[in-house]
Amino acid sequence: MRVDRVAILDWSTAGKPRLGKDSIWLGVADASGVAAENLPTRAQAEARLCALIDKTQAANEKLLIGVDFNLGFPAGFAQRLTGDARAASVWEWLAARVTDGSDNAHNLPHVAAEANAAFAGQGPFWGNGRKEDVAGLPRTRPELPEGLSAARRTEIAATGPGSRPKSTWQLSGAGAVGAQGLMGMAMLHRLRLRFPEHLSVWPFEEANAPVTVAEVYPSMLSAECRALCAFNPDMVTDEAQVRVLASALMNLSDTAELMDLREDAKLLVEEGWILGAGHQLTLRRAVPAMQEPPRLRDDCFAMPQGVDWVPVDEALERLRTALKPITTQETCRIGDAAGRVLAADCFARRSNPPRPNSAVDGYGFAHAATGEGPQRLPLVDGRAAAGQPYDGTVPQGAAVRILTGAILPDGVDTVVLEEDTASDGAAVVFDGPVKPFSNTRKAGEDVMEGALALPAGHRLRAPDIALLSALGVADVQTFRPLRVGVLSTGDEIIAAPHLPALPHQIWDANRPMLLTLARDWGYEAVDLGHAADDPEKIAARLSDGAKRADVILTSGGASAGDEDHVSALLRARGTLSSWRIALKPGRPLALALWEGTPVFGLPGNPVAALICALIFARPAFSLMAGAGWLNPQGFPVPAAFSKSKKPGRREYLRARLNADGAAEVFASEGSGRISGLSWADGLVELPDGAVQITPGTPVRYLPYSSLGLT
């Protein structure tokens, strides 16, 4: 089926008008592109769909509407509720009972309770999110009525093997989606009544009308949605989902492959099917390249005309907007992946723990065979230990010796702690009652098979390596480590301490400092050496860096003086934007592209160079490496110093915490005092405005560790 327009509706059952996260989003894609709108009420969303259908009819076009709520229930429900096995009978039943006001007020819990009354016991629906009880609607999960499944076949196909689909029976609480279907089906019935000859619902009906409605599951494109949000940090996931899915379906030349089902026709009429379930890869391949990071523009660092001094926060935001992830991907063995940034989600190959097991050394038995008071259970031969499972079934009324980590043998659901027992080798005795399932761990108690273990963009640490190894993940898809080139410049610089230096010369402190910093941040440090104040030599080093590195750090020559050769060269032969940051220390920051490679021109003073690298380069490099923008973790501490600060610039003072947890600052604020960097264990950040500090005044302290200094 070819369509002219795709609309994806992300539904909500909020009881009040709502915008933003977890509200109603509508994404519409056509030949001109994709747009998304946030609708505060279901009434407005329904009106918007009607307008789209009217537009489709008037233009003699075809429209595909994808709705993110279930259009059917597990087999057996429709017949029991309505006497008719077709899902359409449930839509009609709901439409006759559901009230949904223009202010989003609704009666859904009472409708669900009425549906439950058609079944023996408590009925399938549960989860009452309201304060008052609703008769017939339990708050916790009941036993399902006989013959009803927890999920439809399409939900299992959509979520993949090993995953647990969200329950259409759960109406409130974490992970609840059931209410959306009840409300959505009522709306769908109204649309069918309003457009009887122009709307069909797939797969319940042939998709041959001008407008086709189908159930969708945006989570099948969760990786692509996360990627879009990474490129657009202010975008909520709901908006990303409708944009990505609408674009993918519109990008398909024909949806026939997604609609090619080899399922039982009777089951489809009752349970329905999710568009794309079983064809996830086809859908993912159809996502257009709108998420690919664009190349940096020549003017990407340019400040607006008239901007002189740039506040720190504005400079950071402009960097965040200008830069994009630029590293390629590669597969990496888990043992070699520490420090790498995940380029794709990691899922558990199996549950952890894979089977129920014992949390202690003790004795295992069936709880049903025990009661109050002294208990004596005969011991079976053998034992269960970690790596040595018990081969056999423990009869009810008997017990088995079990050790920590051992899989619970068949017939065992409870373990009593060894210290709470006595044993003569033939039997074990203990005082009852013992709580059922005591001292046991459930299968998947940590992570379930198929569940998301770590998301794309996460930098792998030792605990992450342990987690993925425990879940059977042998290889991970990672971004290639960011390559950071470091170049120092200046006639006064001597490249290494082992070389002799005249009184007017200084040994290079910046290059080894910045190379070490790049390694500490988990990047590949590329030493570009030292260049004297010779434009051709500096140009040659920069060109070498553009070939070998993803980004270049230079130190020295970044200002606008006669001897500032780096900025002069970048201005003449590259693209340069000199940012005068309202910052102390470290005002000049040169940002440029050299042969397509970003260049950060840091001040030559080591104190200012380090401060600028920590505040600007660290978050920028993290974004470029695929791990997203980093904000330093700071916290308030009392000052152990006095200072009167004028307005106009943000200041960073070299500081360390004393024995009382108060921040001391280095004796001199002079930016030439390198020893202060080593003396400190963090920075005190003073705001842009004026401030008067006396001992005890709260100040923001940034520990070196929060800035990536190990």
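These legends walk through several close-up views of one predicted model.

The model is predicted, with local features needing pLDDT of at least 70 and side-chain atom pairs counting only at pLDDT 80 or more, while totals for chains, interfaces and linings use all residues. Residues are numbered from 1 along each chain as its sequence is written, and side-chain values use heavy atoms, with hydrogens and water left out.

**View 1. The whole protein chain.** Let us begin with the overall picture. The protein chain has 17 helices and 36 strands; helices (H or I, at least four residues) and strands (E, at least two) are DSSP runs, numbered from the N terminus. Its C-alpha atoms fill a box of roughly 95 × 85 × 50 Å, taken along the principal axes. Of the 710 residues, 50% count as buried, where buried means under 20% relative accessible area, exposed over 50%, and partly exposed in between (1.4 Å probe, protein chains only). Among contacts (heavy atoms within 4.5 Å) between residues at least 6 apart in sequence, 68% join residues at least 24 apart.

View 2. Look for strand 1 (residues 5-10) and strand 4 (residues 63-67), which run parallel and are joined by five bridges; two strands pair if DSSP finds at least two bridges between them. Within this pair, Ala 7 stands opposite Ile 65 of strand 4.

**View 3. Helix 1 meets helix 6.** The axes of helix 1 (residues 42-59) and helix 6 (residues 178-194) come within 11 Å and cross at roughly 35°. Axes are lines fitted to C-alpha atoms, for helices over the stretch in contact, and angles run from 0 to 180 degrees between N-to-C directions. The crossing is right-handed, meaning that the near helix is turned clockwise from the far one by less than a right angle. Helix 1 brings Arg 42, Glu 46, Leu 49, Cys 50 and Asp 54 to the contact, and helix 6 brings Met 183, Met 187, Arg 190, Leu 191 and Arg 194.

**View 4. The largest nonpolar core.** This core has 55 residues, and those with the most contacts inside it are Leu 9, Ile 65, Phe 77, Trp 91, Leu 94 and Phe 125. A nonpolar core is a set of buried Ala, Val, Leu, Ile, Met, Phe, Trp, Tyr and Cys residues joined through side-chain atoms within 4.5 Å. Helix 6 gives the largest share, eight residues. Apart from this core lies another, of 49 residues, including Val 486 and Leu 591.

**View 5. Strand 29 and its partners.** All six residues of strand 29 (residues 597-602) are buried. Both faces are covered, with Thr 597, Val 599 and Gly 601 on one side and Pro 598, Phe 600 and Leu 602 on the other. Strand 25 (residues 551-555) pairs with strand 29 in the parallel sense over four bridges, and Ser 555 stands opposite Leu 602. Strand 28 (residues 588-594) runs antiparallel to strand 29, joined by five bridges, and Ala 592 stands opposite Val 599. Strands 28 and 29 form a hairpin with two residues between them, and Glu 595 in the turn has a positive phi of about 50°.
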